[in-house]
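User: I am new to this structure. Please take me through the labels one by one.
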Amino acid sequence: MATENDPRATLIDLLPKFRFAMVTTTNDEGALTARPLTVQDREFDGDLWFIVGRDSSVASHVATRPHVGVALSANDAWVSLAGRAEIVDDLARLREYWSPGVEAWFPEGPEDPNITLLKIDAVSGEYWSGPGGVVASIVSLVKSKVTGQAYEGKNDTVEL
């Protein structure tokens, strides 16, 4: 559980809020490329797991340039992670993550040789969060506008 004085715990507590992420990689020409991916799992230290196509651009980019950025957003919280990505072949874990939603993208099932896992080992992160839910965020924004005082959100940078 997060405490006021533990930014690392706060960031880790925020991760379950996010279902989707924008994962940014670097292509062979050095250009940044971002794409949406569904978060399959989050580990206590900020690591994230995704299902990807072995022939996808994200898989080819991390094979040569494993440093990635991940942006996550919800109604009242935002997280940016920096880390190293790797392709992981783990059929048992892939089966564990399998769902009808995944099957829409990969109709051949988890045994399809083109399907693999992307693991992002987060090394640092930054978060921004509102004062506790959508209603509290709206109240705080209105209060800020009326009183002229700064918005009551939280922000911190964390090494993982």
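User: Why is Asn-75 called exposed?

Analyst: Asn-75 has a relative accessibility of 66%. Exposed means over 50% relative accessible area, buried under 20%, and partly exposed in between, using a 1.4 Å probe and protein chains only. So Asn-75 counts as exposed. Asn-75 lies in the loop between strand S5 (67-73) and strand S6 (77-88). Helices (H or I, at least four residues) and strands (E, at least two) are DSSP runs, numbered from the N terminus.

User: What should I know about the model itself?

Analyst: This is a predicted model: local features need pLDDT of at least 70, side-chain atom pairs count only at pLDDT 80 or more, and totals for chains, interfaces and linings use all residues. Residues are numbered from 1 along each chain as its sequence is written, and side-chain values use heavy atoms, with hydrogens and water left out.

User: How do you know which strands S7 pairs with?

Analyst: Two strands pair if DSSP finds at least two bridges between them. S4 and S7 have six bridges, antiparallel. S6 and S7 have twelve, also antiparallel. S7 and strand S8 (residues 154-159) have six, again antiparallel. Each count meets the cut-off. Gly-83 stands opposite Ala-122 in S7, and Ser-124 has Glu-159 in S8 as its bridge partner.

User: What makes the buried residues of H2 line one face?

Analyst: The buried residues of helix H2 (residues 57-64) are Val-58, Ala-59, His-61 and Val-62. Seen down the axis, they fall within an arc of 165 degrees, so they line one face of the helix. The arc is taken from the directions from the helix axis to the C-beta atoms. The face turned away carries the exposed residues Ala-63 and Thr-64.

User: How do you know that the charge of Arg-93 sits over the ring of Trp-49?

Analyst: The charged end of Arg-93 is 3.9 Å from the ring centre of Trp-49. A charge sits over a ring if NZ of Lys or CZ of Arg is within 6 Å of the ring centre and within 35 degrees of the ring normal. Arg-93 counts as sitting over Trp-49.
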